[in-house]
Structure formats: C-alpha cells, structure tokens
Amino acid sequence: MKIGIIVAMDKELHQLQQLFTNDNIAIRKCGIGKVNAALGAQQLINEFHPDCIISSGCAGGNGNDINVQDVVVSTELCYHDVYCGTAIDNSTQYGQVQGLPARYQADPYLLRKAKELQQNIHAGLIVTGDWFVDSKEKMRSIIDKFPEAKAVDMESCAIAQTCYINKVPFISFRIISDIPLRDTNASQYHNFWDTVADHSFQVTRTFVESL
C-alpha cells in the first residue's frame, strides 16, 4: 500500500521523517491553512498516487475527556469558518461548501484500524478553519456551532475535500497540543513543543504499520 502523509509545519515533518524510511510512504509538508493544505494534497496525489492519505499534526482539543498528547482521529470533518448562505439553496448547512458534502466521512477501513489502536485515541468530528485558536472566546464561538467537535485545526477538512474530489481514502490523526478552553494565550501550545512533542507522533507510526 502506498501511503501519503501530509503535515503543515517543519517541526511536524521532522518528527515523522525520523519514523518512516519506507519508499511506499511519502511525507509532505503543505504549509499552514486551507489553501496550502488543498494544494499540498493535490500535488501529493498527482505525483505519488497514494492508496490513501493521512493528515497528521497538532490541533486544539475540546471536551472533558480530551487531554494534551491524546490523539483525535476523524470520524468526519467539516469547516468551522464556511458559510454559503441560504439565498440559493436552503439545504446548505453552516460549514458546508455548496454542492459538496456537509461533512466529509473518514474512510471506513482506515477508521476501523485507527479505533483498534486503543492508545488514548478519541474518534470524532474535526473542524477546520483559517484561524489559530488562541483564546477561549474564539474556541467558544466554534464550539457553539459544533459542540460535538473533538479537535480544531487549520488543514484537515481541506485535505479531506481534495481527497473526496479525487476519490482517495482519507483520515486525519491530530495530536492534541492544547485545550483552548482551559488555556490562556496559547501557553499550552508553546509548552507542548518545548517539552512533550518528541514522542507524540508514535501513534501515527503505529497506525501506518497496522495497515
């Protein structure tokens, strides 16, 4: 199986490059945000022709059961900052790009394999937007619309949309770097990279090895 892995930042890329040396695994850095993520995913599909794509990286967590260094795996994904209105189509939901799914479902096989890991894995909704959530107020505004969301990031749904269009199986693994509703000024996020990030991507390695 040819597996493509996409991350947003150099520090995530370096972590994963230390874990994988197999020629059947391609790791790419796309850059931060939805446009970079979509472009990176399309380039990976065009050049590597993967059998599946994994989004790996960090995210803000949500929920009383979520802690820093836990992993959220996507059951479904949507945007928290997309609104197409109701002037043309009353069925379009908040977070949905008109004409595309309201939520992108993770590939069933990949999701089943992820749930079998049982290593502080939380399966649930991941929401994506072009906003680094560094305040409780911003996080509350997102969770008000998506109370069931387990994680908030800046890339996963854009990669999911690209994979949906290209018919490539997709799943997102997000290591929780901070809990915005328990944090102030993103101090947990910065502390994550300073002190506890070194072994955080081992779950992604275990998952890939299980496929």
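Which residues in H5 are buried? In this predicted model, they are Ser156, Cys157, Ala158, Ile159, Ala160, Gln161, Thr162 and Cys163.

## Helix H5

The helix spans residues 156-166, and it is mostly covered, since eight of its eleven residues count as buried, which here stands for a relative accessible area under 20%. Directly after H5 comes Lys167, a residue whose phi is positive and lies near 60 degrees.

## The second largest pocket

H5 also takes part in the second largest pocket, to whose lining this helix gives the most, with three residues. Strand S5 (104-105) is, together with H5, an element that gives two or more residues to this lining. The space in the second largest pocket comes to about 170 Å³, and 13 residues line it, of which Gln105, Asp107, Tyr164, Val168 and Phe170 are the closest to its centre. By residue class, the lining of the second largest pocket holds ten nonpolar residues, one polar residue and two charged residues.

## The largest pocket

Three strands, namely S3 (52-61), S7 (149-153) and S8 (170-178), each contribute at least two residues to the lining of the largest pocket. When the lining residues of the largest pocket are sorted by class, 13 are nonpolar, two are polar and five are charged.

Helix H4 runs over residues 136-145, and within it Met139, Ile142 and Ile143 are buried. These three residues lie on the same side of H4, because they cover an arc of only 95 degrees around the axis. As a rule, an α-helix has 3.6 residues a turn, so residues three or four places apart point the same way. The other side of H4 carries Glu137 and Asp144, both of which are exposed, a term that here requires over 50% relative accessible area.

What, then, covers the buried residues of H4? The cover includes S3, strand S6 (121-128) and S7. Two of these elements return from the pocket described above, as S3 and S7 each supply at least two residues of the lining of the largest pocket.

Note on methods:
Residues are numbered from 1 along each chain as its sequence is written. This is a predicted model: local features need pLDDT of at least 70, side-chain atom pairs count only at pLDDT 80 or more; totals for chains, interfaces and linings use all residues. Side-chain values use heavy atoms; hydrogens and water are left out. Helices (H or I, at least four residues) and strands (E, at least two) are DSSP runs, numbered from the N terminus. Ala, Val, Leu, Ile, Met, Phe, Trp, Tyr, Cys and Pro count as nonpolar, Asp, Glu, Lys and Arg as charged, and the others, Gly among them, as polar. On a 1 Å grid over the protein atoms alone, a cavity is a set of points where a 1.4 Å probe fits but cannot get out, and a pocket is an open set with protein on both sides within 12 Å along at least five of seven lines; lining residues have an atom within 4 Å of a point. Grid points are joined across faces, edges and corners, and a volume is the space filled by probe spheres set on the points. Buried means under 20% relative accessible area, exposed over 50%, partly exposed in between (1.4 Å probe, protein chains only). The arc is that of the directions from the helix axis to the C-beta atoms. Contact means heavy atoms within 4.5 Å.
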